Amino acid sequence: MATPVVTKTAWKLQEIVAHASNVSSLVLGKGSGRLLATGGDDCRVNLWSINKPNCIMSLTGHTSPVESVRLNTPEELIVAGSQSGSIRVWDLEAAKILRTLVGHKANICSLDFHPYGEFVASGSQDTNIKLWDIRRKGCVFRYRGHSQAVRCLRFSPDGKWLASAADDHTVKLWDLTAGKMMSEFPGHTGPVNVVEFHPNEYLLASGSSDRTIRFWDLEKFQVVSCIEGEPGPVRSILFNPDGCCLYSGCQDSLRVYGWEPERCFDVVLVNWGKVADLAICNNQLIGVAFAQSNVSSYVVDLTRVTRTGTEAQDPVQDSRLLTQQPPLPTAPLRRIYERPSTTCSKPQRVKQNSESERRSPSSEDDRDERESRAEIQNAEDYNEIFQPKNSISRTPPRRSEPFPAPPEDDVATAKEAAQPSPAMDTQFPVPNLEVPPWSQVVTSTPAPKAEPAIIPAARNEPIGLKASDFLPAVKIPQQTELVDEDAMSQIRKGHDTMCVVLTSRHKNLDTVRAVWTTGDIKTSVDSAIAINDLSVVVDLLNIVNQKASLWKLDLCTTVLPQIEKLLQSKYESYVQTGCTSLKLILQRFLPLITDILAAPPSVGVDISREERLHKCRLCYKQLKSISSLVRTKSGLSGRHGSAFRELHLLMASLD
């Protein structure tokens with residue numbers, strides 16, 4: 001009797017090398033869940049078919065790294081925003097550039113297509129939101145209200161509203177027909193990374209770096225519930241198509257939530273790290289994540305996931321079901337979106353300015369076509385995905401099949417053990433039909449693994465360490481019994497040294513804390529610097545950075561030399577702390593410093609003004625020294641390069 005095969009709930013589908021340099025953005029096509037678009041530091045936008053190793057099409061034209069990409073629902077158009085603030089729209093069926101939109105003054109952080117009309121919304125590091133008309137190549141409205149970078153934009157299902165999330169800890173709702181803000185939703189204590197409309201009801205969900213998800217009622221404009229206890233910053237959320245639950249892509253897990261009352265239905269362990277985007281197709285959830293130049297895709301079988309019902313799961317506990325509880329009361333249905341049957345009209349209030357006036361297409365469009373190209377890398381996949389849409393067929397369209405799930409590890413191991421060993425030479429691999437081909441890593445180009453220049457803050461293995469380096473060489477087979485004992489001896493030697501280091505650091509932190517309790521922040525920072533240990537300075541700055549009001553001008557004069565050291569460190573956590581502290585100083589004090597230095601000298605003797613002027617001169621000198629370092633590192637790729645480029649923009653007035 002055949003043993004039934006037990007399949008997995010979640011598994012890794014494939015891993016590809018998506019770009020020649022680091023990947024900076026990616027998005028899944030929500031219509032099919034099978035199309036993936038990636039933007040990289042190589043200024044290209046590449047299109048991929050999920051579970052296929054080769055790139056379908058490569059779009060060129062941007063002259064700076066691509067920071068944001070978005071596909072429209074039919075997956076016929078793609079829009080990409082770059083670090084320079086330019087936006088390009090490509091027609092995928094025609095394989096050509098459609099529009100180039102210029103107007104933002106900083107990075108494009110977020111994009112979204114209108115669900116019905118030919119409009120695109122863009123959010124930028126310059127805090128502005130722009131609504132673009134693709135047909136006439138112009139900005140039809142600009143929305144102002146955020147004070148920091150706009151990280152996510154989403155149109156409502158009926159196309160009448162636009163929700164925006166920003167680093168200023170707020171979510172705002174904009175009325176597109178009236179051209180004004182309808183409501184602001186405060187409450188998050190960290191940058192808001194993502195927002196998502198409920199597919200049917202007047203409900204909005206937002207996820208933040210403060211590890212919370214909030215649900216907002218769009219009729220009463222108030223919070224419905226708040227889910228806390230996420231394992232990390234919330235970057236990807238998605239409602240189920242029928243609206244029964246919300247999926248949250250957490251660190252190495254998928255969590256399924258309800259909101260009235262707030263509860264966790266299920267937790268599925270998925271080793272995807274920091275997932276970047278989610279999509280649902282054929283009752284499967286597709287998740288994609290990227291690290292450096294690699295992009296990995298994962299599948300979760302939703303038929304084996306609890307989405308409603310009586311079984312609930314604690315958000316803090318992983319994969320441990322709670323006891324059966326009585327059914328939870330359901331909330332009354334809210335108002336439902338009314339979806340128009342025709343394309344939307346442009347907003348009633350249209351403002352034109354010099355940057356959004358219609359330009360002559362004769363010269364601009366020709367130049368765009370020369371600079372931008374759609375290079376078809378795989379003609380077979382391209383024709384299969386895009387060309388059939390232009391032809392009339394008498395047969396129903398072919399639906400994509402679900403990705404088959406591999407068997408559970410223990411079942412697969414038992415099957416392999418039961419198979420007879422092959423008689424042929426074992427140096428040639430024998431194909432095993434039970435093992436799916438996508439369980440192996442697929443790379444389009446060989447990528448040699450090099451030692452990182454900066455040691456990442458979060459890692460699963462030591463950098464540059466090999467266990468064999470700490471073990472004595474075994475020359476005689478009889479000595480193998482002594483290897484474990486020798487290894488423990490070597491470990492104990494390092495253990496004593498590490499204990500001394502940690503004890504010293506704990507003592508130093510106690511000293512700084514004792515000064516901190518007196519309320520004199522400046523003295524506590526001076527004591528941390530006097531210890532001459534950057535790790536203690538980093539610990540202290542991480543506390544000060546959480547409350548911007550603690551920063552004073554005299555504190556800047558002390559901290560700026562330490563920030564310069566942190567920016568040159570090989571440790572990622574040190575560099576991140578230095579960038580955060582420098583950004584706070586530039587935002588709060590650079591305008592004050594430049595104004596005081598540019599003011600005419602006062603009449604008479606003003607001691608307090610002279611002291612302030614001396615501090616400003618000292619800060620200015622230190623900032624000038626740091627600006628050259630920031631300018632040098634702004635050419636780096638990836639997250640570090642983006643942080644230094646942002647600092648370089650803030651320090652532009654020093655040049």
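**Exercise 1. How many bridges join strand 23 to strand 24, and in which sense do the two strands run?**

Before we start, note that this is a predicted model, in which local features need pLDDT of at least 70 and side-chain atom pairs count only at pLDDT 80 or more, while totals for chains, interfaces and linings use all residues. Residues are numbered from 1 along each chain as its sequence is written, and side-chain values use heavy atoms, with hydrogens and water left out.

*Step 1.* Find the strands: helices (H or I, at least four residues) and strands (E, at least two) are DSSP runs, numbered from the N terminus. Strand 23 covers residues 246–250, and strand 24 covers residues 253–259.

*Step 2.* Two strands pair if DSSP finds at least two bridges between them. Here five bridges join strand 23 to strand 24, and the strands run antiparallel. For example, L246 stands opposite Y257 in strand 24.

*Step 3.* Look at the turn. The two strands form a hairpin with two residues between them, and D252 in the turn has a positive phi of about 60°.

**Exercise 2. Follow strand 24 onward to strand 25, and describe how strand 24 is covered.**

*Step 1.* Strand 25 spans residues 262–269 and pairs with strand 24 in the antiparallel sense over seven bridges. W259 stands opposite E262 in strand 25.

*Step 2.* This pair is also a hairpin with two residues between the strands. P261 sits in that loop, and the peptide bond from E260 to P261 is cis, with omega near -5°.

*Step 3.* Check the burial, where buried means under 20% relative accessible area, exposed over 50%, and partly exposed in between (1.4 Å probe, protein chains only). Seven of the seven residues of strand 24 are buried. S253, R255, Y257 and W259 point one way, and L254, V256 and G258 the other way.

**Exercise 3. Describe how helix 5 and helix 7 meet.**

*Step 1.* The axes of helix 5 (residues 521–530) and helix 7 (residues 553–567) come within 10 Å and cross at roughly 20°. Axes are lines fitted to C-alpha atoms, for helices over the stretch in contact, and angles run from 0 to 180 degrees between N-to-C directions.

*Step 2.* Helix 5 is therefore roughly parallel to helix 7 (angles under 35 degrees count as roughly parallel, over 145 as roughly antiparallel, 65 to 115 as roughly perpendicular and the rest as oblique).

*Step 3.* With contact meaning heavy atoms within 4.5 Å, I521, K522, V525, D526 and I529 in helix 5 meet D554, L555, T558, V559 and Q562 in helix 7.
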